[in-house]
Amino acid sequence: MMTVKELSKLTGISVRTLHYYDEIGLFTPTSKNEAGYRLYDDKALEALQQILFFREFDIPLKEIKTIMDDPVLDRNQILQMQRKMLETKKERIERLISSIDDILKGDTKMDFTVFDETEIRTMYTDMVKNMNDEQQQIFIDRYGSMEAFEEHFLKNAASEQAQKNFAKVVEWYGSKESALEASKNPGNPERIPECQKRLDAVTKALIDKKDCDMHSTEIQDLMKEYDLIYRELFKMADVTKLLLETAHFYQTNLEIQKVTDSIWGKGATAYLGKVIEAFYKKE
């Protein structure tokens, strides 16, 4: 068994941080001795390593606690999840290293490719496969034919800006595989109006309580429902990064504020941004 000081020395995590993790129920000691000092065994050390892996990706502590407390997830499932996240980070680092090497060789053009041509074609095929006739007709009316739309899609998806956007999507989903799987199996489209209706109801309830403390139980319960709806809509296990970016746009983008405020009232957009940010940045 290790004391908290010994564990701190072994892992490089401060004693104060370990105490805080205990206070919030994220990482509790195996036992305490007669003097009340925390003691940790090898199993506790393994749990701390898993927590540190998640922290490497800036996942909020409350989200890590949710994952660690999930009775459905066993040790191997958590390790597999972390392995995928590390693979995604490795791919990104390797692309950056490759780009730097090219620059050192005199090629100043950086490669932002996330999905290659084969993957983009697969995305297009899966997307069309999930369209009904009415949805396909919209693209036929706009581009003249599905073949013309395919050409436009493939060209646009290969652009630098599109690939940068794909990089964000991959970050939100945690891996390329998860992002591709979500595009392949978007779920039942008939559920989208239902989710949107629920989201509108929660949004209205949040705005109606704009005079309340955003850390109050009422607001937190509404945000938990907000989080659940987004996870259902986007088929994501964790929507933290997606909604933190949304919160940033709500507070800084005047065009978005203009459109959203026209629906929910003046100042509603910036307020929603602050509430969302407060919920997901709270640890």
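This briefing walks through a few features of the structure above, from its cores to some single residues. The model is predicted, so to speak of local features a pLDDT of at least 70 is needed, side-chain atom pairs count only at pLDDT 80 or more, and totals for chains, interfaces and linings use all residues. Residues are numbered from 1 along each chain as its sequence is written, and side-chain values use heavy atoms, leaving out hydrogens and water.

**The nonpolar cores**

- The largest nonpolar core holds 40 residues, and Phe 115, Leu 206, Met 223, Tyr 226 and Ile 276 have the most contacts inside it.
- A nonpolar core here is a set of buried Ala, Val, Leu, Ile, Met, Phe, Trp, Tyr and Cys residues joined through side-chain atoms within 4.5 Å.
- Among the elements giving two or more residues to this core are helix H6 (117-129), helix H11 (191-208) and helix H15 (268-281); helices (H or I, at least four residues) and strands (E, at least two) are DSSP runs, numbered from the N terminus.
- H15 supplies the largest share of this core, seven residues.
- Apart from it lies another core, of 20 residues, including Val 4, Leu 45, Phe 54 and Leu 61.
- In soluble globular proteins, nonpolar side chains tend to be buried together.

**Helix H1**

- Val 4, Leu 7 and Ser 8 are buried in helix H1 (residues 4-11); buried means under 20% relative accessible area, exposed over 50%, and partly exposed in between (1.4 Å probe, protein chains only).
- Lys 5, Lys 9 and Leu 10 are exposed on the face of H1 turned away from its buried side.
- The buried residues of H1 pack against strand S1 (2-3), helix H2 (15-23), strand S3 (38-40) and helix H3 (42-55); contact means heavy atoms within 4.5 Å.
- Just after H1, Gly 12 takes a positive phi of about 85°.

**Residues to look up**

- Gln 220 sits in helix H12 (residues 217-234) and counts as buried because its relative accessibility is 8%.
- A polar atom of the Gln 220 side chain lies 2.9 Å from the backbone oxygen of Met 214.
- Met 68, in helix H4 (residues 61-69), counts as partly exposed at 22% relative accessibility.
- Leaving aside neighbours within four places in sequence, Met 68 is in contact with Ala 47, Gln 50, Ile 51, Phe 54 and Ile 78.

How values were computed
A polar contact is a pair of N or O atoms within 3.5 Å; within protein, one must be able to donate a hydrogen and the other to accept it, and residues adjacent in sequence count only if both atoms are side-chain atoms.
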